[in-house]
Amino acid sequence: APSQRPAPVDFASFSAVSMAMASEAPSQRMVVVVLGGPGSGKGTSCSIIQKCFGCDHFSTGELIRAEIEDASSSFGRSIKELVASGRLVDTKTVLKLLKNAVQRAKRSAGVLLDGFPRTLDQAVLYEKEGLPLPTHVIYLDVPRKVLRERILSRGAKSAKRRSDDNPEAIEKRLNDFEQQNKKLLEFYKAHGKLHVVDGTMPPAAVGEQVKAILSGRASSKL
């Protein structure tokens, strides 16, 4: 069953972003944001989009992990402490990593943002940085119970267990996601960008629906 719909939000204080998105001129270059809870299948869907549409793929999670694994990076060590405690990495840090990655990337058919922005505040700061505005927002809708089961299963199967794949950190991550995701979804819905996909379907079925949305053959807008 679909997750509970987000409550209405007052967007008056976000007029700068609202105007920018409303007045965005049509462009052939696709900018896709893929949203969903931890374990919702964002990585799999992004791989399909990247392969089919030739977008540059930017996963904030991967950017963060790469920085953490850089033994010479004091920046990475500070990020590691946040992740191990189950806290979210701050927006300023994520935007720094993302902006550097976008600037280094080759020009392609589009930009694919994996799991960012996570909150309405991040969406506002993202726009202020002058990064490309979304043309499509794909939300993979998966119930909390299924997300929890997927994360625990991933940790059990992985040879390299993530430091935040433990029960306490998982619950905190899910709580943070649910609290912060509602306003973001309502924001993108208000601007006609949001497409909701049932993330409990088999990966191939999810991929086919996402491809249909991005190619204009189908719509899952709320």
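Reader: What pattern does the protein chain follow when read along the sequence?

Author: In this predicted model, the protein chain follows the pattern α-β-α-β-α-α-α-β-α-β-α-α-β-α. The chain holds nine helices and five strands.

Reader: What makes the five strands an open sheet, and in which order do they stand?

Author: The order is E2-E3-E1-E4-E5, with parallel pairing. Strands E2 (55-59) and E5 each pair on one side only, and they are the edge strands. Direction ignored, neighbouring strands of this sheet are turned by 20 degrees against each other on average.

Reader: What joins E1 to E4?

Author: Five bridges join E1 to E4, and these strands also run parallel. The bridge partner of Val32 in E4 is His136.

Reader: Why is E1 called largely enclosed?

Author: A residue counts as buried under 20% relative accessible area. Seven of the seven residues of E1 are buried, and therefore the strand is largely enclosed by the rest of the structure. Both faces are covered: Met30, Val32, Val34 and Gly36 are buried on one side, and Val31, Val33 and Leu35 on the other. In a regular strand the side chains alternate between the two faces of the sheet. For the protein chain as a whole, 45% of the 222 residues count as buried.

Reader: What makes a group of residues a nonpolar core, and which residues have the most contacts inside the largest one?

Author: The members must be buried residues of nonpolar kinds, such as Leu and Tyr, joined through side-chain atoms within 4.5 Å. The largest nonpolar core has 29 residues, and Leu35 and Tyr188 have the most contacts inside it. Among the elements that each supply at least two residues of this core are strand E1 (30-36), helix H5 (91-104) and helix H8 (167-190). A second, separate core has 14 residues, including Val34, Cys55, Leu112 and Leu140. In soluble globular proteins, nonpolar side chains tend to be buried together.

Reader: How much of the accessible surface belongs to carbon and sulfur atoms?

Author: The accessible surface of the protein chain comes to about 11,600 Å², and 53% of that surface belongs to carbon and sulfur atoms.

Note on methods:
Residues are numbered from 1 along each chain as its sequence is written. This is a predicted model: local features need pLDDT of at least 70, side-chain atom pairs count only at pLDDT 80 or more; totals for chains, interfaces and linings use all residues. Side-chain values use heavy atoms; hydrogens and water are left out. Buried means under 20% relative accessible area, exposed over 50%, partly exposed in between (1.4 Å probe, protein chains only). Helices (H or I, at least four residues) and strands (E, at least two) are DSSP runs, numbered from the N terminus. Two strands pair if DSSP finds at least two bridges between them. Axes are lines fitted to C-alpha atoms, for helices over the stretch in contact, and angles run from 0 to 180 degrees between N-to-C directions. Accessible areas come from the Shrake-Rupley method with a 1.4 Å probe; for residues, only the protein chains shown count as cover.
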